[in-house]
Amino acid sequence: MDVKTGFFYLFSVVLLYAAFRVVTARNPVHAVLHLILAFSQASGLWLLLKAEFLAIVLVLVYLGAVMVLFLFVVMMLDIRIENMRRSFWRHFPLAVLIGALIALEMAAVLMTGFRGMEEPKVAGALVDAAGKALPYSNTQALGQLLYTEYLLPVEIAAVILLVAMISAIALTLRQRKDSKAIDPGEQIRVRAQDRMVLVKMAPTAAPVPQAAPTVEENKQ
């Protein structure tokens, strides 16, 4: 077994362990941390396939931005872990059924879905006008393929990610009961007559003050 195969098995084992812990961890913060580990191992597999651009994008975009954002959102949300534990076993049979269905579909595709297909042809080397070989860039080839043939799926994925980001931010903006913040719209719509109310009252006679008793009156 060469070094490349050894790294493949190492990344694969850690990736499978991290993916399993994502769905079985009781603490949501631990689940997000294991998902970050899974993404890092997936980027290592991309490097073994000589897809350096995809590996760097996976590290910079998902690990550096998206997963950190998800981690902060999970830490800021008031998640009742006790309630989640009680509802886990209630939905466990349905989760097992869906997981088994997905596993069977993936096994069917991997074992029988690619038998009638031909192997992909290796792209020939690019040459210039003088017949000199040009360096091949998988980043350029990937960009041309994404924004020509797969433009619509890329736009749909971008819209879905935008909606997910807005939803995550909206979940953290829930109003607290002990907050004393005032709505600026109510402050703008206030009128002068609503600030002070004049109440008319009938005048009353003031009581006449009585004189204090003298010393002689006290003796009597």
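This note comments on a surface patch, a helix pair and a loop residue in a predicted model.

1. Basis. Local features in this predicted model need pLDDT of at least 70 and side-chain atom pairs count only at pLDDT 80 or more, while totals for chains, interfaces and linings use all residues. Residues are numbered from 1 along each chain as its sequence is written, and side-chain values use heavy atoms, with hydrogens and water left out.

2. Nonpolar patch. On the surface, L69, F70, L162, M165, I166, I169 and L173 form a nonpolar patch with about 630 Å² of accessible area together (Shrake-Rupley method, 1.4 Å probe; patch residues have over 30% relative accessible area and no salt bridge, with nonpolar side chains joined within 5 Å). Helix 3 (52-76) and helix 7 (151-171) each supply at least two of its residues, and the largest share, four residues, comes from helix 7. L69, which lies in helix 3, counts as partly exposed because its relative accessibility is 33% (buried is under 20%, exposed over 50%, and partly exposed in between).

3. Helix packing. Helix 1 (residues 3-24) and helix 2 (residues 28-48) pack at an angle of about 155°, with their axes 8 Å apart, which means that helix 1 is roughly antiparallel to helix 2 (a term for angles over 145 degrees). The crossing of helix 1 and helix 2 is left-handed.

4. Loop residue. K50, in the loop between helix 2 and helix 3, has a positive phi near 65° although K50 is a residue other than glycine. Most residues other than glycine have a negative phi. K50 counts as exposed because its relative accessibility is 62%.

Key
Patch = residues over 30% accessible without salt bridge, like charges linked within 9 Å, V, L, I, M, F, W, Y side chains within 5 Å. Salt bridge = Lys/Arg side-chain N within 4 Å of Asp/Glu carboxyl O. Buried < 20%, exposed > 50% of the residue type's maximum accessible area, 1.4 Å probe, protein only. Axes fitted to C-alpha atoms, helices over the stretch in contact; angles between N-to-C directions. Parallel < 35°, antiparallel > 145°, perpendicular 65-115°, else oblique. Left-handed = near helix turned anticlockwise from the far one by under 90°.
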